[in-house]
Amino acid sequence: MRVIYEPKGRAKEYSELACNWYMGCTHGCKYCFAPSCMRKKMEDWHSPDVAIRDKVVEAFRSDAERMHENNDKRPILFSFLSDPYQPIEERYKITRRILRIVQQFGLKSKILTKGAYELVKRDFDIIKAAKIELGVTVCFVNDALRQEWEPNAAPVEERFQILKEAHEAGIRTWVSLEPVIDPEEALAVIRKAAPYVDFWKVGKLNHMKEVEDQVDWHKFYVDVVALLDSLNAKYYIKEDLKKYSQSADGEV
Ligand code: SF4
């Protein structure tokens, strides 16, 4: 069984390879696309009964060995369909075991999480030693909005703390600024975290038409690029948002 796979479609913009070991995610984000990818009901995917893929650590080791033999340096993202630092990790430590294998075989990888400070901090030693890029999704500075949209994920202050301490520890940090639900909140995230974020990935909101239609995406594109440029930040604007680089009348 191969567990490191090539994502398709939009997900490929994030990483050439990915791996998910937890089946389910208790963070319970309202905008979560994982249940539809997995053909599951939202309430089932977000329930406390998160499963661990059968023999996933052994399968990851075998994939890692193969990649090492082939000198495959494509980055692997952890994870698209679940979070490597959700509460179940505290007990089973699957993420920590996988990161050890990444370190052992010198693979290139990056983490993306909304997990709790204590849990992510636990692995700073391996993340640093294995040169893993540590990414945190941050959509808001206002924790009341976070509670509304990402009810069981870490509070925003914990996420900023993770990024700050990781940066200070010499770990390469990045932020996934997506989905953008409130453009002013997204811009405030950049202003706040810019000193300790090495790279930004900025997208928009998709699959929630009623909220999406309330945003002037061209204005957000212009504002976010101007802000990131003014801070000399390194960034990538996702294709979905890049489409709005021109206004309806063709102005850039
Ligand atoms: S962290 Fe990701 S996988 Fe988990 S509920 Fe939120 S959007 Fe879904």
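Modeller: Let us start with a word we will need: two residues are in contact if their C-beta atoms, placed from the backbone, lie within 7 Å. In the protein chain, residues 24 or more positions apart account for 78% of the contacts with a separation of 6 or more. Please remember that this is a predicted model, where local features need pLDDT of at least 70, side-chain atom pairs count only at pLDDT 80 or more, and totals for chains, interfaces and linings use all residues. Residues are numbered from 1 along each chain as its sequence is written.

Colleague: What makes the radius of gyration of the protein chain agree with a compact globule?

Modeller: The rule for a globule is 2.2 Å times the number of residues to the power 0.38, with the radius taken over C-alpha atoms. For 252 residues a compact globule would have a value near 18 Å, and the protein chain has 18 Å, so the two agree.

Colleague: Why is Q246 called exposed?

Modeller: We count other C-beta atoms (placed from the backbone) within 10 Å of the residue's own: 20 or more means buried, 12 or fewer exposed, and in between partly exposed. Q246 has 12 such neighbours, so it counts as exposed. Q246 lies in the segment after α13 (239-242); helices (H or I, at least four residues) and strands (E, at least two) are DSSP runs, numbered from the N terminus.

Colleague: Why is K93 called partly exposed?

Modeller: K93 has 16 other C-beta atoms within 10 Å, so it is partly exposed. K93 sits in the loop between α4 and α5 (94-105), and its phi is positive, about 55 degrees, although K93 is not a glycine.

Colleague: And what makes K131 partly exposed?

Modeller: K131 has 15 C-beta neighbours inside 10 Å, therefore it counts as partly exposed. The loop between α7 (124-129) and β6 (133-137) holds K131, whose phi is also positive, near 55 degrees.

Colleague: How do you know which residues surround the ligand?

Modeller: A residue is near a molecule or strand if its C-beta atom, placed from the backbone, lies within 6 Å of it. Around the ligand these are C25, H27, G28, C29, C32, A34, H46, L81, S82, D83 and K114.

Colleague: What classes does the shell around the ligand have?

Modeller: Ala, Val, Leu, Ile, Met, Phe, Trp, Tyr, Cys and Pro count as nonpolar, Asp, Glu, Lys and Arg as charged, and the others, Gly among them, as polar. The shell has five nonpolar, four polar and two charged residues.
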